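Hi,

Here is the structure I promised to pass on. Have a look at it first, and then read my notes below.

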Amino acid sequence: MSDKWTTADIAGQHGRVAVVTGANTGLGYETAKALAERGATVVLAVRNVEKGEQAAASMTGDVSVQALDLTSLDSVRTAAAALRSRFDQIDLLINNAGVMYTPKQTTRDGFEMQFGTNHLGHFALTGLLLDLMLPVPGSRVVTVSSTGHRIRAAIHFDDLQWERSYSRVGAYGQSKLANLMFTYELQRRLAAHGTTVAVAAHPGLSGTELARNTPAALRLPLTWFAPLITQTPAMGSLPTLRAATDPAVLGGQYYGPGGRYEVMGHPRLVTSSPESYEAAVQQRLWSVSEDLTGVTFPVVQPQRNSVPSGSAAPM
């Protein structure tokens with residue numbers, strides 16, 4: 001394998017089931033497409049089923065669509081139940097869908113939109129599907145974060161839903177920091193089991209629809225410099241694909257572009273912010289997330305005679 005990891009490095013995925021959220025466009029589309037081309041049975045878990053069907057029709061391989069609206073816990077539960085009725089195992093759950101810099105609004109359950117969609121929706125989905133993954137050697141939960149987890153980012157336990165004041169950038173940063181903290185705490189809970197691992201990734205700066213809510217003051221400069229500082233969705237999906245398929249990946253690792261400032265480039269192992277590794281905050285966030293979603297994760301027991309799948313310590 002060269003230092004410049006690409007989709008050519010993805011081993012055959014025949015016999016594996018991959019669920020990719022937000023896979024009808026952008027990074028999720030490219031992720032799902034690459035996995036399907038390598039033989040995986042891929043489910044596009046999307047809010048807009050019509051667009052999902054169009055995306056599936058443009059892919060090669062065994063690709064289907066599942067309705068999933070991460071802004072509704074009822075929809076998350078319905079989607080999880082449908083997936084459980086279709087599959088007796090899931091090998092890859094890729095928590096890719098997200099919103100960015102949205103105006104102040106709430107999900108159907110009353111959560112701040114970015115925190116509710118990017119973190120709580122995926123937290124609930126993972127908890128409802130995890131027992132289909134635990135028996136599967138090599139199964140992985142891959143959650144897509146962002147370099148935005150470093151910008152004005154903290155877990156505001158005193159105002160998680162931004163009811164007192166609202167910052168688009170701060171709320172996005174909180175949700176992406178939560179993605180990482182969820183990954184690291186999930187890995188801590190999975191480590192003794194020895195089969196499923198939790199990994200995170202980020203795409204750098206990619207030209208996708210996600211940035212459509214960028215504040216006006218930033219929109220014009222980004223438009224001018226976009227060709228110099230952004231990469232295609234296909235390149236942006238590579239960190240996620242490496243986290244999902246590279247045999248050398250360990251639980252608790254974080255992958256992003258290898259170029260300067262992790263903006264562009266081929267994927268490599270990277271490090272998240274010091275705040276993201278604070279175990280006490282991770283555990284508190286986990287407890288709060290269970291309370292807010294009503295989803296309790298299955299108790300993970302150590303497997304007898306299993307070889308631990310590995311876990312990465314903070315770099």
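I'll start with a residue in a loop: Tyr101 sits between strand 4 (92-95) and helix 4. Keep in mind as you read that this is a predicted model. The phi angle of Tyr101 is near 55 degrees, which is a positive value in a residue that isn't glycine. Tyr101 has 11% relative accessibility and so counts as buried, the cut-off being under 20%.

You'll find Trp162 in the loop that runs between strand 5 (140-144) and helix 5. Phi is near 55 degrees for Trp162, again a positive value in a non-glycine residue. With a relative accessibility of 9%, Trp162 is also classed as buried.

Now for the overall picture. The chain is built from nine helices and eight strands. It has 315 residues, and 54% of them count as buried. If you take the contacts between residues at least 6 apart in sequence, 74% of them join residues at least 24 apart.

On to the cores. In soluble globular proteins, nonpolar side chains tend to be buried together. Which residues touch the most other members of the largest nonpolar core? They are Leu129, Leu130 and Leu186, out of 42 residues in that core. The elements that contribute two or more residues to this core are strand 1 (17-21), strand 2 (41-46), helix 3 (73-86), helix 4 (113-129), helix 5 (168-190) and helix 9 (279-293). There is also a second, separate core of 31 residues, with Ala36, Ile94, Leu241 and Tyr255 among its members.

Setting aside neighbours within four places in sequence, Leu130 contacts Val141, Leu186, Leu190, Thr196, Phe297 and Pro298.

On the helix 5 side, the contact is made by Ala178, Met181, Phe182, Tyr184, Glu185, Leu186, Arg188 and Arg189, while helix 9 brings Ala279, Val281, Gln282, Gln283, Leu285 and Trp286. By type, these residues divide into nine nonpolar, two polar and three charged. Leu186 turns up here as well as in the largest core.

The second pair is helix 1 (residues 26-37) with helix 8, whose axes come within 9 Å and cross at roughly 45 degrees. The two helices are therefore oblique to each other, and their crossing is right-handed. Where they meet, Glu30, Thr31, Ala34 and Leu35 of helix 1 face Thr240, Leu241 and Thr245 of helix 8 in contact. The residues in this contact split into three nonpolar, three polar and one charged.

How many of the residues of helix 8 (residues 238-245) are buried? Eight of its eight, so to speak: the helix is mostly covered. The buried residues include a charged one, Arg242, as well as Leu238, Pro239 and Ala243.

Asp69 lies in the loop between strand 3 (63-67) and helix 3. Is Asp69 buried or exposed? Its relative accessibility is 10%, so Asp69 counts as buried. Beyond its neighbours within four places in sequence, Asp69 is in contact with Arg47, Ser75, Val76 and Arg108.

Leu132 is in the loop between helix 4 and strand 5, and with a relative accessible area of 10% Leu132 is buried. Leu132 and Gln89 are 43 residues apart in sequence, but their C-alpha atoms are 4.7 Å apart in space. Besides Gln89, and leaving out neighbours within four places in sequence, Leu132 contacts Arg84, Phe87, Asp88 and Ile90.

Pro274, in the loop between strand 8 (267-269) and helix 9, is exposed, with a relative accessible area of 61%. The C-alpha atoms of Pro274 and Arg150 are separated by 9.3 Å, and the two residues are 124 apart along the chain.

That's what I have for now.

Cheers

How values were computed. Residues are numbered from 1 along each chain as its sequence is written. This is a predicted model: local features need pLDDT of at least 70, side-chain atom pairs count only at pLDDT 80 or more; totals for chains, interfaces and linings use all residues. Side-chain values use heavy atoms; hydrogens and water are left out. A nonpolar core is a set of buried Ala, Val, Leu, Ile, Met, Phe, Trp, Tyr and Cys residues joined through side-chain atoms within 4.5 Å. Buried means under 20% relative accessible area, exposed over 50%, partly exposed in between (1.4 Å probe, protein chains only). Helices (H or I, at least four residues) and strands (E, at least two) are DSSP runs, numbered from the N terminus. Contact means heavy atoms within 4.5 Å. Axes are lines fitted to C-alpha atoms, for helices over the stretch in contact, and angles run from 0 to 180 degrees between N-to-C directions. Angles under 35 degrees count as roughly parallel, over 145 as roughly antiparallel, 65 to 115 as roughly perpendicular and the rest as oblique. A crossing is left-handed if the near helix is turned anticlockwise from the far one by less than a right angle, and right-handed if clockwise.
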